[in-house]
Amino acid sequence: EIIAAMASAPPPPPPPTTIGGTPAQGPQQQPQQQQQQQPQGQQSLNTALMHLALLSPMHHEDIHFAATQSDELLPTNPELPADLFTACLTTPIKVALRFWVIRNPRTTKVTVDMCDQVPGSVLERRTPIGELNWIFTSITDTIAWSTLPREQFRKLFRQDMAVATLYRNFMLADRVMRFYGVHPQVTPSMPPTHKHPLWDSLDLEIDMCLQQLPRMLKEMERKQQREERMARSRGRQQQQQQQRHPEANGASIPPPLPDFTAPLGTNLEIVGNFVSMSCRHGSRIGLGGAVESEDDEPDSDGDSDGGGAASPGGSETPLSSGYISSTYFSNQLYAFEVWLQHAATVVSQFVSDQGPDQTPRSLSTERPSNLDPPDELPAVLQVLLSQQFRLRALILLYRFMNLGPWAVDLAMAVGIYPYMTKLLASTTTEIREILILVWARLSAVDMALHPELMKRDGFDYFVAYLANNIQMQNEPVSEKVKLCDTVSAASAFTLAMLCRDNFDAQQSCFDERVLDYFLVYLQRPDNGTEERACLRTWILLCLAELWKAHPNAKWMAITYKLCVIASKKEELESQQRQRRNQQNQQANTPSFEELLASSAEDDSVDARNAQDLLIQMAFHRSPLVRASAIYAIGTLVSDLAQLGDDPGVLTIVGLVERQLYAVLLQAAGDGSPMVRREVVNVIGGCVLTSYMEQTVDAVARVVGEELRGEGGRVRVAAGDSPVDALLGQMYK
């Protein structure tokens, strides 16, 4: 509506010019038609604006950027861009370089015009401009993180990439233009950040970059001169080749190899041509005459932007035209590590001051009042983009999340989820273990991550780790085996949290053969370590969540050995069919009944049913494992009658129930109160869900026999059922 109104309105009259502060007089006469059309256009425009102003706030969450206040003008400096505000929003790094040179004219040999010659691109973090842009993003995020409320930070800097970029650039514009007495405006507003101390860090990084600029420009000039000389040499060489071989029609002929047996003077020209041709094709002559490639080593993650900008530990590694990388991110990681040491001391002291009545879990849910959030957290997230620093950053993040759920909440508030989701698609093996441990912390605190993790098939990362490390269960005890057990337990914990009350996750894990892997894990020997006990605990809990209210998983669990035998039978039949097709002869295939009978006592079938493994785990040395086994038994025997009314199915179900209920009765006398509580929960749940009627009849019959044996009579009050009367008499 506004566009239509403005299109129908006549162009506004030119603003009156001033001469010596007095408005100059414009034309005295205007066409009559223009005077008649102007009120109509003005009326239409005001109506459209009125409709826009009356809209509900939910219909126009607009973002407005203004260069000045109503009574201010843009700064006029010949060394600055004509539209300084737009330049800050579109090219912040160039404006920051110019602003630093203008403020420090005597501290460097760099001029304002040389700022436009800094090599690189903002999309390539290995170049000077790209690294400065990376550092600028980290610093502005840190300033916003430490200044804005958490909800406003999430809305402005984490929901939309374009909005976050504009607000970062606006923070620079606010700092630069306030230096010239101009106050930019933005809606939604944010507190002033132009005096934040972290701007000094950006000035330091710009200073270190510009100190190298004269040397880089000289090296670039020498490189350009060498390329020009090589181009002229190639041109002369092609002319000579055309003169010597006119029949080649200008085709490129490679130079002849030098004859190393001839005198040196006769081969100087040939050697020079051969070396120039090799350099032109991006190769160099190695030892022994081998040709070695000079291609840059790609990022293992396939990042198109070049991975990290700095070298490990902040070492001075030339990146582009002799440029020495910055140590900013290495310093940020060191500062974060120092904060973690201080935080661990504060949290331990906070726990000890609360006394024995408070449990560590309840204390860890709240951050101590004398511990401020770390300012380095946004910088640590930016470091995750660098392959060189990624492992160190993940280790520090894991240590940070171990401080308690409040630390995980802070990590989620700063925006760690997109970074961690992207890392799940990485093929790098060095970060696999620590990445799984970090994800276990995230999934334990923030339940909202589970649906998103299922949408992106992130659970495949954890299943793949479990599948690839089964053989480690047979290895002797070592630090490597302990680490593998710890990470496998974290994977099982994450899958258990995903499967909890989520049928889609249960079905996905069932399709990915998680049940097979876990049953194989439980068959492996116990090495007596706490890490192996923790692994079995979470495997049992994950199995309990996997087959809970999942009939197909329950049936496969209680008949797992038969399923393995059937699978081997199908494999055997397939091999026999292939042999029959190749040899064109008949072969006798054993029937399924014969195979079952022969494999009933066959030790070569490395498979055991789930109920057999649960019975074994119910008498484990660790009370946590025993309690987890009892809980898994409860979810397995619950609703087993729903598997079907086939006589064969009922026979198997009845046998499994008798075995497991006998184990529950034995576990009722366990020395651990945690195990006994799980036994009561399982028996009570089965009574209430599956066998309520049978339980009441059995209790009534037993009470009746006892009363008849004592010669007593059961008095039934008005309104009471015989069962209630029997139970009441029993309690008396």
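These legends accompany several close-up views of a predicted model.

**View A. Salt bridges tie together separate stretches of the chain.** Let's begin with charge: side chains of opposite charge can pair when their charged atoms come close. A search of the whole structure turns up 14 salt bridges. Look for Asp-116 and Arg-98, whose closest N and O atoms are 3.1 Å apart. Asp-116 sits in the loop between helix H4 (92-103) and helix H5 (128-147), while Arg-98 belongs to helix H4, so the pair links distant parts of the chain, 18 residues apart. Asp-116 is partly exposed, with a relative accessible area of 42%, whereas Arg-98 counts as buried at 15%.

View B. Arg-392 is part of helix H14 (residues 390-401) and Glu-337 is part of helix H11 (residues 328-354), and the two residues are 55 apart in the chain. Arg-392 is partly exposed at 30% relative accessibility, and Glu-337 is partly exposed at 25%.

View C. Asp-485 and Arg-532 meet with a distance of 3.0 Å from N to O. Asp-485 lies in helix H20 and Arg-532 in helix H23 (residues 530-546), so this pair ties together parts that are 47 residues apart in sequence.

View D. How many disulfides does the structure hold? The count is zero. For Cys-499, the nearest cysteine sulfur is that of Cys-509, 3.6 Å away.

View E. Pick out Arg-232, which you will find in helix H9 (residues 213-244). Arg-232 counts as partly exposed, with 48% relative accessibility.

**View F. Helix H22 is mostly covered.** Follow helix H22 through residues 514-523: ten of its ten residues are buried. Among them are Val-514, Asp-516, Tyr-517, Phe-518 and Gln-523.

View G. Where is the cis peptide bond? It runs from Thr-187 to Pro-188, with omega near 0°. Pro-188 lies in the loop between strand S4 (185-187) and helix H8 (199-211). Next, find Asp-501, which has a positive phi of about 55° although it is not a glycine. Asp-501 is in the loop between helix H20 (479-499) and helix H21 (503-511), and it is exposed, with a relative accessible area of 70%. Asp-639 also has a positive phi, of about 60°, without being a glycine. The loop that holds Asp-639 runs between helix H28 (623-637) and helix H29 (647-667). At 29% relative accessibility, Asp-639 counts as partly exposed.

Methods:
Residues numbered from 1 in each chain as written. Predicted model: local features only at pLDDT ≥ 70, side-chain atom pairs only at ≥ 80, totals over all residues. Heavy atoms only, no water. Helix = DSSP H or I, 4+ residues; strand = E, 2+ residues; numbered from the N terminus. Buried < 20%, exposed > 50% of the residue type's maximum accessible area, 1.4 Å probe, protein only. Disulfide = S-S within 2.5 Å. Salt bridge = Lys/Arg side-chain N within 4 Å of Asp/Glu carboxyl O.
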